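Subject: Structure handover

Hello,

Here is the structure I promised to pass on. Please open it alongside this note, which goes through the findings one by one.

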Amino acid sequence: MIHFENVGLRYGMGPEVLRDLTFDIPKESFQFLTGPSGAGKTTLMRLLFMSLQPTRGLVRTFGRDISTIGREELPLLRRRIGIVFQDFRLLDHLTTYENVALPLRVRGKDETSYRSDVIELLKWVGLGERVNVLPPVLSGGEKQRVAIARALIDRPELLLADEPTGNVDPPMARRILSLLVQLNKLGTAVVIATHDLTLMDRFEARRMILADGRLEII
Ligand SMILES: Nc1ncnc2c1ncn2[C@@H]1O[C@H](COP(=O)(O)OP(=O)(O)OP(=O)(O)O)[C@@H](O)[C@H]1O
C-alpha cells in the first residue's frame, strides 16, 4: 500500500533527519513507530500523510509516486488516510457529533446520508452518550476517541496515530489501543507513533524503530 525506497529528508539546508529509509506498509498491517524524541517519528508520519515530500528517494502511496501527484489530486488520496494527533485538534465550538461529521460536511454531503454513520461510529468508540456535548467538557480519553472517530468517518485504508495515548491515563491508553487493534481486525492498516513501551508490550506487532535518522524493523 505504501512503499519507501532509499528515502531521505532534510528540512531546508539542515542535516538529514531521515536517511535511507526502505520499507513497506502492507494493506491491513499493524505497526508501532518508535524511537527517542527528535528521532523523526512525526516527520515520517508527515511523509506517510503526504504533507511532506522526500528530499531524495521514492515514496509510493496507493501505487502513486507522491512527487508526481498534483495539488488538486492530493485531497482525494488523503481521504484514504485517517490521521489522529496527540493534541486531538477538535473544534471547541462544535459538538462531538459535529466534529466527527465535519469532514463530510465540508465536502458538501447531505446530513441525511451520514447522520446514522456518525452516531454508530461514536457508539463504537464508546461515546454514544456524549454525542451532543462540546469538547471542553470531555476528558482527554474522550477527546482522543472523538478524534479517532473523526479520522475514521471516511473509512480510510490507513490510520496514522501520532502518540494517541500521550495525554491519557494507562487504563484509557489500553482502551484506545484495543479500539485501534479492533479497527485493524476490520481491515484498516494502522501505524501508531509512540514512546510508550508499556503500550507496545501489550500488543504483539511490528516495531519500526527510528534512531539517528535510520530505521530498524523488528
Ligand atoms: N519544520 C521543521 N523545520 C526544521 N527542523 C525540523 C522541523 N520539524 C522537525 N524538525 C527537526 O527534525 C528532527 C525530527 O523531528 P520530529 O518531530 O520528526 O521527531 P520526533 O521523533 O517526532 O520527536 P518527538 O518524539 O519529540 O515528537 C528534529 O531534530 C527536529 O528538530
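A definition first: strands here are DSSP runs of E with at least two residues, numbered from the N terminus. Two of them count as paired if DSSP finds at least two bridges between them. Keep in mind too that this is a predicted model.

**The record**

In the model, the span 2-218 is 33% helix and 26% strand. Its end C-alpha atoms lie 18 Å apart.

**The antiparallel sheet**

Start with the sheet of 4 strands. It is open, its order is β2-β1-β4-β5, and its pairing is antiparallel. Which strands stand at the edges? They are β2 (16-25) and β5 (64-65). Each has a single partner strand, so one side of each is left without a neighbour in the sheet.

Strand β1 covers residues 2-10 and pairs with β2 in the antiparallel sense, over 6 bridges. His3 stands opposite Asp24 in β2. Arg10 has Glu16 of β2 as its bridge partner. The hairpin of β1 and β2 has 5 residues between the strands. Within that hairpin, Gly12 takes a positive phi near 55°.

β1 also pairs with strand β4, residues 56-61. That pairing is antiparallel as well, with 5 bridges. Look for Ile2, which stands opposite Thr61 in β4.

**The mixed sheet**

Next comes the sheet of 6 strands. This one is open too, with mixed pairing and the order β6-β7-β8-β3-β9-β10. The edge strands are β6 (81-84) and β10 (214-217). Each has a single partner strand, so one side of each lacks a neighbour in the sheet. From one strand to the next, the twist averages 20°.

How do β6 and β7 run, parallel or antiparallel? They run parallel, joined by 4 bridges, with β7 covering residues 158-162. Ile81 has Leu158 in β7 as its bridge partner.

**The ligand shell**

Which residues are around the ligand? They are Tyr11, Gly14, Val17, Gly35, Ser37, Gly38, Ala39, Gly40, Lys41, Thr42 and Thr43. By class, the shell has 3 nonpolar, 7 polar and 1 charged residues. Helix α1, residues 41-48, gives the most to this shell, with 3 residues.

**Helix packing**

- α3 (residues 96-106) and α4 (residues 111-124) pack at an angle of about 125°, with their axes 10 Å apart. That makes α3 oblique to α4. The crossing of α3 past α4 is right-handed.
- α3 and α5 (residues 140-152) pack at about 30°, and their axes are 7 Å apart. That makes α3 roughly parallel to α5. The crossing of α3 past α5 is right-handed.
- α5 and α6 (residues 170-185) pack at about 15°, with axes 10 Å apart. They are therefore roughly parallel to each other. The crossing of α5 past α6 is right-handed.

The angle is about 30° for α3 with α5 and about 15° for α5 with α6.

Best wishes

Methods:
Residues numbered from 1 in each chain as written. Predicted model: local features only at pLDDT ≥ 70, side-chain atom pairs only at ≥ 80, totals over all residues. Near = placed C-beta within 6 Å. Nonpolar A, V, L, I, M, F, W, Y, C, P; charged D, E, K, R; others polar. Axes fitted to C-alpha atoms, helices over the stretch in contact; angles between N-to-C directions. Parallel < 35°, antiparallel > 145°, perpendicular 65-115°, else oblique. Left-handed = near helix turned anticlockwise from the far one by under 90°.
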